[in-house]
Amino acid sequence: MTSQAATTPRVALVTGTSSGIGAAVVTHFCELGHQVLAVDFNPAGKAVAEKAGAAFFEADLTDPDACRAAVAEAVKRFGGVDILINNAGIQHVASIETFPEEKWRQIMDLMLTAPFLLTQAAWPHMREKGWGRIVNVASIHAQVASPGKAAYISAKHGMIGLTKTAALEGGEQGITANAVCPAYVKTPLVDNQIADQAKLHGMDEQEVIEKVMLKEAAIKRLIEPEEVAQLVAYLTSDAAGAVTGSSFNIDLGWTAH
């Protein structure tokens, strides 16, 4: 148990929770004594949530009504929303010339519009208490670009703008908003990418991590989801009351060049 265990128990809504960062945040929050609503499109997220001690709400967050329903569920179950973690995301790789419009719109709906709508729906509950914490899980691709990821990168850059605006509007209401920007995190999705890249390049998997995925990084390893969860826990704690409008890179030194 970390020193953050002394944090006042709160009600937290976390999206994208069936694996990876979201699952780690849910687990860590439950350990801290928070009441947690885990929200995911994947019904397999129910078992992950229940194992951690969280409630689960299945929702397609590309649907605006589902975003509002998720917040309503947290209010119904726990009486409000104190902490909002916008983590849900998907990826699609294609050149700008060939990028499907429907995939662009899906990514924007899930990764930028949904965080806005969830923030909007949770805001009155935070304002009424005079206390709220919003953490948007962006990406190092909110800071730098890579070819083939136009929608993902645009959405993550937009998430930083949303974070800063929420910070300015929330300052006098006790609501903070911050973003975390990790490089490659050890998740099933990334593991599959490593295996595919290894076959493609005729390398072993460690070579792929070091020479392809982490070419620009100073530290040649993947980030553990729990490392991101620890930073999220700090940003949502009472101790972080003076921290708002900031973006925290967890990028293994990627942007130090």
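Visitor: Which residues is Phe29 in contact with, leaving aside its neighbours within four places in sequence?
Guide: This is a predicted model. Phe29 is found in helix α1, residues 20-31. Leaving aside neighbours within four places in sequence, the contacts of Phe29 are Ala12, Val14, His34, Val36, Ile83, Ile85, Val232, Ala233 and Thr236.

Visitor: Is Phe29 buried or exposed?
Guide: Buried means under 20% relative accessible area. Phe29 has 0% relative accessibility, so Phe29 counts as buried.

Visitor: Where is the place of Pro225?
Guide: Pro225 touches Val185 and Lys186, among others. The place of Pro225 itself is in a helix of residues 225-235. That helix is α8.

Visitor: Is Pro225 buried or exposed?
Guide: The cut-off for buried is under 20% relative accessible area. Pro225 has a relative accessible area of 8%, so Pro225 is buried.

Visitor: How many Å apart in space are Pro225 and Ala23, C-alpha to C-alpha?
Guide: Pro225 touches Gly20, Ile21 and Ala24, among others. In sequence, Pro225 and Ala23 are 202 residues apart. In space, C-alpha to C-alpha, the value is 8.3 Å.

Visitor: Which residues does Asp82 touch, not counting residues up to four places away in sequence?
Guide: Asp82 has its place in the loop between α3 (64-78) and β4 (83-86). Residues up to four places away in sequence are not counted here. Asp82 then touches Arg10, Val11, Met126, Lys129, Trp131, Gly132 and Arg133.

Visitor: Is Asp82 buried or exposed?
Guide: Asp82 lies in a loop. Its relative accessible area is 2%, so Asp82 is buried.

Visitor: How far apart in space are Asp82 and Thr27, C-alpha to C-alpha?
Guide: In sequence, Asp82 and Thr27 are 55 residues apart. In space, C-alpha to C-alpha, they are apart by 17 Å.

Visitor: What separates the C-alpha atoms of Glu50 and Thr27?
Guide: Glu50 is found in helix α2, residues 45-52. Glu50 and Thr27 are 23 residues apart along the chain. Their C-alpha atoms are separated by 9.7 Å.

Visitor: Which class does Glu50 fall in, by relative accessible area?
Guide: Under 20% is buried, over 50% is exposed, and partly exposed is in between. Glu50 has a relative accessible area of 47%, so Glu50 is partly exposed.

Visitor: Where is Lys149 found?
Guide: Lys149 is in contact with Gln91, His92, Val93, Ala94, His141 and Tyr184, leaving aside its neighbours within four places in sequence. With a relative accessible area of 12%, Lys149 is buried. Lys149 is found in the loop between β5 (132-137) and α5 (150-170).

Visitor: What is phi of Leu252 near?
Guide: Leu252 is found in the segment after β7 (247-250). At 9% relative accessibility, Leu252 counts as buried. Phi of Leu252 is a positive value in a residue other than glycine. Phi is near 60 degrees.

Visitor: How many disulfides does the count come to?
Guide: A disulfide takes a pair of cysteine sulfur atoms within 2.5 Å. Cys30 counts as buried, at 15% relative accessibility. Cys67 is buried too, with a relative accessible area of 0%. By the 2.5 Å rule, the count of disulfides comes to zero.

Visitor: What radius of gyration does the protein chain have?
Guide: The C-alpha trace spans about 55 × 40 × 35 Å along its principal axes. With 257 residues, a compact globule would have a radius of gyration near 18 Å. The protein chain agrees, with 18 Å.

Visitor: How many helices and strands are there in the protein chain?
Guide: Helix α1 covers residues 20-31, and helix α8 covers residues 225-235. Counted over the protein chain, there are eight helices and seven strands.

Visitor: What share of the contacts with a separation of 6 or more comes from residues 24 or more positions apart?
Guide: Buried residues make up 49% of the 257 residues. Among contacts with a separation of 6 or more, residues 24 or more positions apart account for 69%.

Methods. Residues are numbered from 1 along each chain as its sequence is written. This is a predicted model: local features need pLDDT of at least 70, side-chain atom pairs count only at pLDDT 80 or more; totals for chains, interfaces and linings use all residues. Side-chain values use heavy atoms; hydrogens and water are left out. Helices (H or I, at least four residues) and strands (E, at least two) are DSSP runs, numbered from the N terminus. The radius of gyration is taken over C-alpha atoms; the globule rule is 2.2 Å times the number of residues to the power 0.38. Buried means under 20% relative accessible area, exposed over 50%, partly exposed in between (1.4 Å probe, protein chains only). Contact means heavy atoms within 4.5 Å.
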